[in-house]
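Please look over the model below before reading these comments.

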Amino acid sequence: MVALIVIGSILLFFLLLLFCPVTLTASYDQEFRAKLRYLFFTIRLAPPKEKPEGEQPKKKKKPKKEPQEGAEKKPSFSKRFLGEWGLGGFLSLVKEIAKIAIGKGKRLFSHLVISRMTAVLRIGGSDAAAVAAQYGKACAVVYPAFTVLAGNTKCRRHHVWVAPDFTSEKTEIYFDIQVGIRPWFVLTGVIGFAFHALRAYLRKRPKKQAGADAGSKGNLEQQL
């Protein structure tokens, strides 16, 4: 009896943990920042923590090869966000997330709780015609995508603003989001996805293999 009470208490404890929300806070303003919080624990995802200047490593490491004079260092995520991806990359990312929200991930997104969601884009450039074209493209993607995200999640507050800036030669992007979800819904979503994938695999099995299995089963019955 005591063992059953202990086991039941442990199961109840883990069940309660599954209903405690996990919160992700992410923002971008010249630098990408993100942290994950669960109960009293906070994990810093980006940027990575910098070691103090006076701190020495405990283990001796092999000397690294000095970079060649013509070699370029790999840019950080924050620099690639605007440099390598550019405005087009940001718009593609937002569009893909919106497609997932109304597609395969619709059920999971319906359990997301967005406390705040803010996106501000200032479209700049040296050519006024190019700025106007990029502004129209950004409006056609950003406003519908964020409307889809706000409508398919439990969004409490969101603000989106896109404007052309003919006085600046570069595009500025700022966003800030705080989203949470209970692990229970993630677990049930993964189990449901695995079940549907297994069922789809069984339906699409080759007919020859199914016939061979049936034939071997018939031969075995005849032998018996």
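The points below take these topics in turn.

1. Basis. This is a predicted model, in which local features need pLDDT of at least 70, side-chain atom pairs count only at pLDDT 80 or more, and totals for chains, interfaces and linings use all residues. Residues are numbered from 1 along each chain as its sequence is written, and side-chain values use heavy atoms, with hydrogens and water left out.

2. H3 and H5. Helix H3 (residues 86-102) packs on helix H5 (residues 128-152) at about 30°, the axes being 9 Å apart. Helices (H or I, at least four residues) and strands (E, at least two) are DSSP runs, numbered from the N terminus. Axes are lines fitted to C-alpha atoms, for helices over the stretch in contact, and angles run from 0 to 180 degrees between N-to-C directions. H3 and H5 are therefore roughly parallel to each other (angles under 35 degrees count as roughly parallel, over 145 as roughly antiparallel, 65 to 115 as roughly perpendicular and the rest as oblique). Their crossing is left-handed (the near helix is turned anticlockwise from the far one by less than a right angle).

3. Residues between H3 and H5. Those in contact (heavy atoms within 4.5 Å) include Leu91, Val94 and Ala98 of H3 and Val141, Ala145 and Leu149 of H5. By class, this contact has 14 nonpolar, 2 polar and 2 charged residues. Here Ala, Val, Leu, Ile, Met, Phe, Trp, Tyr, Cys and Pro count as nonpolar, Asp, Glu, Lys and Arg as charged, and the others, Gly among them, as polar.

4. H1 and H6. Helix H1 (residues 2-18) meets helix H6 (residues 183-203) at an angle of about 95°, with axes 7 Å apart. That makes H1 roughly perpendicular to H6. Leu15, Leu17 and Leu18 of H1 touch Pro183, Trp184 and Leu187 of H6; the contact has 6 nonpolar, no polar and no charged residues.

5. Second largest pocket. What is its volume? The value is about 430 Å³, the space filled by probe spheres set on grid points joined across faces, edges and corners. A pocket is an open set of points on a 1 Å grid over the protein atoms alone, where a 1.4 Å probe fits, with protein on both sides within 12 Å along at least five of seven lines; lining residues have an atom within 4 Å of a point. Of the 16 lining residues, Lys104, Arg107, Leu108, Gly189 and Phe193 lie nearest the centre. H6 gives the most, with 9 residues. The lining comprises 8 nonpolar, 6 polar and 2 charged residues.

6. Phe166. Phenylalanine 166 sits in the loop between strand E6 (158-165) and strand E7 (172-181). Leaving aside neighbours within four places in sequence, phenylalanine 166 contacts Ala128 and Val131.
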